[in-house]
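User: Hi! I'd like to go through this structure with you and ask what stands behind each label.

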Amino acid sequence: MWTRAVHAGRDDLTDQGLHAVPLDLSTTYPSRDSRDEAERLDAMTTGAQVTGMPIYARLGNPTVARFEGAIAELEGCESGVAFASGMAALSACLLATVAAGRPHVVAARPLYGTSDHLIASGLLGNQITWADPADVGAAIRPETGLVIVETPANPTLAEIDVRAVVDAAGGVPVLVDNTFATPALQRPTEFGAAVVLHSATKFLGGHGDAMGGVVTCAEDFAQRLRQVRIATGGVLHPSAAYLLQRGLATLPVRMERSSATAAVLAERLLAHPKVSAVHYPDPSKLGQLATGGAMLSFESGTPPHEVVSAVRLITPAVSLGSTDTLLQHPASLSHHVVAPQDRAAGGIPDTLLRLSVGLESPEDLWRDLDQALDRTT
């Protein structure tokens, strides 16, 4: 994985006399052969991969395509399709499924809050049945087009047996949100998942300075996603693609370091008198995760807002996956859009705090957490 992360999407650079990945910012591309452009445009609007010069940035961009190929390689998938955000990526998956005449979705809570909200809203024409992972099979209908799970789940870090869900789903494609684990720790396709989704804004980019989403899958579904992307315009900007691909090169190193620190913090939080529960994956349970990962959550026995306001080294902010450690209150931010009863159904209490562990010293992070917890009344 370390070697692939460094070299994925860069195999052709030496032959071009390049070392750094090129950044193409063009919005349009000149051509004197408009007949050829028309033929390629016809193919592009079907979502097909087309060779030759680009036509217009909404239809395709070389820098974006390079990132798509790199993450597809890391996830072990045939194709990748990148979008302006993780929510744009999920929206495209739902729209493609609805357009194929299979609008019913089965999903397991918890999911990222806005994902939950979008799926439940039916805004894109889908229908939804929420099911525990063990009950996915019973929820499948003839018109079911997608099963959606997130593992480890946001924000409870609950782990889902992907292979068991795939078996229960029968022939229905299973989409796994792999944002928390990344391909450095888990590759869902190895357990039968058909579609892997990332908020690339998070660990893939890794520096909190580029927003994007990406789906990796077989080429037939990727073609449908490109159709949606071309029609709706949810394209990834090439500057973001450039930064996201740069982030991939250090992904395994960052995940290894942050995961090791997260394990230390989880153990110490578990022993803290003002912490009532700690949620952190156990990789020995399912054998899917290489380590417990860089995310953890814990339930504070005192008001969680006071803990957030008391940290000094840790950044009190929504989002995750950056080089610095971020602390946030899901019920107020990432999952605020989810109704209280649905948060409860997903195992998300109002006392829960979510920690995205960065690259700082574990001792420095612990001192900050400890003093923040001790300040609370």
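Analyst: Happy to. Between domain 1 and domain 2 about 3,200 Å² is buried, and carbon and sulfur atoms give 67% of that area. Buried area here is the accessible area (1.4 Å probe) that two parts lose on being put together, summed over both. This is a predicted model: local features need pLDDT of at least 70, side-chain atom pairs count only at pLDDT 80 or more, and totals for chains, interfaces and linings use all residues. Residues are numbered from 1 along each chain as its sequence is written, and side-chain values use heavy atoms, with hydrogens and water left out.

User: Where do the bounds of domain 1 and domain 2 lie?

Analyst: Domain 1 covers 1-249 and domain 2 covers 251-374; such bounds come from an automatic or database domain assignment. Their C-alpha centres lie 26 Å apart. The contact (heavy atoms within 4.5 Å) takes 41 residues from domain 1 and 39 residues from domain 2. On the domain 1 side, Glu159, Leu185 and Phe203 supply 23% of the area buried against domain 2, more than any other three residues.

User: What makes the pair of aspartate 342 and arginine 109 a salt bridge?

Analyst: The rule asks for a side-chain nitrogen of Lys or Arg within 4 Å of a carboxyl oxygen of Asp or Glu. The closest N and O atoms of aspartate 342 and arginine 109 are 3.5 Å apart, so the pair qualifies. The rule finds one salt bridge across the interface of domain 1 and domain 2, and the structure holds 12 salt bridges.

User: Which residues are linked with Arg109 in a network of salt bridges?

Analyst: Arg109 is linked with Asp116 and Asp342. The side chains of aspartate 116 and arginine 109 meet at 2.7 Å, N to O.

User: Why is aspartate 116 called buried?

Analyst: Buried means under 20% relative accessible area, exposed over 50%, and partly exposed in between (1.4 Å probe, protein chains only). Aspartate 116 has 5%, so it counts as buried. In α5 (113-121), Gly113, Ser115, Leu118 and Ile119 are among the other buried residues. The cover over the buried residues of α5 includes α4 (86-99), β2 (104-107), β3 (127-130) and β4 (144-150). Helices (H or I, at least four residues) and strands (E, at least two) are DSSP runs, numbered from the N terminus.

User: What makes a nonpolar core?

Analyst: It is a set of buried Ala, Val, Leu, Ile, Met, Phe, Trp, Tyr and Cys residues joined through side-chain atoms within 4.5 Å. The largest one has 29 residues, of which Phe67, Leu236 and Leu248 touch the most other members. Its largest share, six residues, comes from α10.
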